Amino acid sequence: MATTTVSIINQKGGTGKTTTTINLGRALSKLGKKVLLIDLDPQSNLSYSLGITEPEFTLADVFTGNKKLKEIIVDKDDNFSVAPGSHELVDIEISLVTQEKRESFLKSILANVKIFDFILIDCPPSLSVLTVNALTASQQVLIPLQMEVLTLQGLNQILATVKQVKSTLNTKLKIKGIVIVMYDKRRKLSSEVEAFLQESVDEKIFRSKVRLNVKLAEAPSFGQSILDYDPNSNGAQDYLAVAKEFLEI
């Protein structure tokens, strides 16, 4: 099986993007897939959430050519690995702006990594040059979405960016789907926004939703995915369901 690279993207912060990258990745690994997470967000919340607080080397070292990707990877389990990020990615982003082929750096970095079934990229919460690098390097895009009015506004911008990258930089890029996260069925707004989404968006919307769950918020404090922190929680069961559906599509 060839490696499938997936950008997990939402330009609005606090939308469950990092949580989805971690827990979808871990769920896929529990289902027997070999998974690498790429922490491309300069805030490096993904690395911290998995207990990687002071990595010796990070993606910034790979972008500058000081290290190869395989030299910075941290193995959390046999099937579950992380390429840590750092605040230094801000400087990388600034330097990329003036480079030739600036959109393709990450694609060339990932080209020699063949041992994983899936590479999931946690993108920055902005439509930046790093995000464009992720989209250029990916075959698929996954969009975690809260059922809030403002997130719908941002969705159109994401879809437009993906369309532009597909037409100019990466003809193989396609949207895998939209995953509804932080879902609270008790809120009328949740069902209203979901109904609007079903009617107005052509993209695949996952049947499996990730419910609002306090355990999901707790897990990063212990440096664990929800599937390791509390495998019986709603959060763990929901992400396992998303992963199974992900593999079906």
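Where does threonine 151 lie? Threonine 151 lies in helix 8. The model shown here is a predicted one. This report starts with the whole chain, then moves to one helix and several single residues.

## The whole chain

The protein chain has twelve helices and seven strands. Its radius of gyration is 17 Å, close to the 18 Å that the globule rule gives for 249 residues, so the chain is as compact as a globular protein of that length. Along the principal axes, the C-alpha atoms fill a box of roughly 50 × 40 × 35 Å.

How much of the chain is buried? Buried residues make up 54% of the 249 residues. The protein chain exposes about 11,600 Å². Carbon and sulfur atoms supply 48% of that area.

Contacts tell us about the fold too.

Now the charges. The chain holds 29 positive and 29 negative charges. Their mean positions are 6 Å apart.

Helix 5 covers residues 89–96. Which of its residues are buried? They are Leu89, Ile92, Glu93 and Leu96. These residues cover an arc of only 100° around the axis, which puts them on the same side of helix 5. An α-helix has 3.6 residues a turn, so residues three or four places apart point the same way.

What does the buried side of helix 5 pack against? Its buried residues pack against strand 2 (35–39), helix 3 (59–63), helix 6 (105–110) and helix 7 (129–137). The face turned away from the buried side carries the exposed residues Asp91 and Ile94.

## Asparagine 133, inside helix 7

Asparagine 133 lies in helix 7. Is asparagine 133 buried or exposed? Its relative accessible area is 0%, so asparagine 133 is buried. Setting aside residues up to four places away in sequence, asparagine 133 touches Phe63, Leu96, Arg102, Glu103, Ser104, Phe105 and Leu106. One of these, Leu96, is also among the buried residues of helix 5.

## Back to threonine 151

Threonine 151 counts as buried, at 4% relative accessibility. Its contacts, not counting residues up to four places away in sequence, are Lys12, Leu145 and Gln146. Lysine 12 is 139 residues from threonine 151 in sequence. In space, the two are 7.4 Å apart, C-alpha to C-alpha.

## Pairs along the chain and in space

| Pair | Apart in sequence | C-alpha to C-alpha |
|---|---|---|
| Threonine 151 and lysine 12 | 139 residues | 7.4 Å |
| Asparagine 234 and leucine 216 | 18 residues | 8.8 Å |
| Threonine 171 and threonine 131 | 40 residues | 16 Å |
| Asparagine 79 and glycine 177 | 98 residues | 24 Å |

Asparagine 234 is in helix 12, residues 234–248. Asparagine 234 counts as partly exposed, at 37% relative accessibility. Leaving aside neighbours within four places in sequence, asparagine 234 is in contact with Arg211 and Asn213.

Threonine 171 sits in the loop between helix 8 (149–168) and strand 7 (174–181). Threonine 171 is exposed, with a relative accessible area of 63%.

Asparagine 79 has its place in the loop between strand 3 (74–77) and strand 4 (80–83). At 25% relative accessibility, asparagine 79 counts as partly exposed. Not counting residues up to four places away in sequence, asparagine 79 touches Ser29, Gly32, Lys33, Lys34 and Val35.

Most residues other than glycine have a negative phi. Two residues here need a second look.

What is the phi of serine 44? Serine 44 has a positive phi of about 50°, although it is not a glycine. Serine 44 is found in the loop between strand 2 and helix 2 (45–49). Serine 44 counts as buried, at 13% relative accessibility.

Methionine 182 has a phi near 50°, a positive value in a residue other than glycine. Methionine 182 is in the loop between strand 7 and helix 9 (188–200). Its relative accessible area is 32%, so methionine 182 is partly exposed.

Note on methods:
Residues numbered from 1 in each chain as written. Predicted model: local features only at pLDDT ≥ 70, side-chain atom pairs only at ≥ 80, totals over all residues. Heavy atoms only, no water. Helix = DSSP H or I, 4+ residues; strand = E, 2+ residues; numbered from the N terminus. Rg over C-alpha atoms; globule rule 2.2 N^0.38 Å. Buried < 20%, exposed > 50% of the residue type's maximum accessible area, 1.4 Å probe, protein only. Areas by Shrake-Rupley, 256 points an atom, 1.4 Å probe, with all protein chains shown as cover. Lys, Arg positive; Asp, Glu negative; His and termini not counted. Charge placed at Lys NZ, Arg CZ, Asp CG, Glu CD. Arc of directions from axis to C-beta. Contact = heavy atoms within 4.5 Å.
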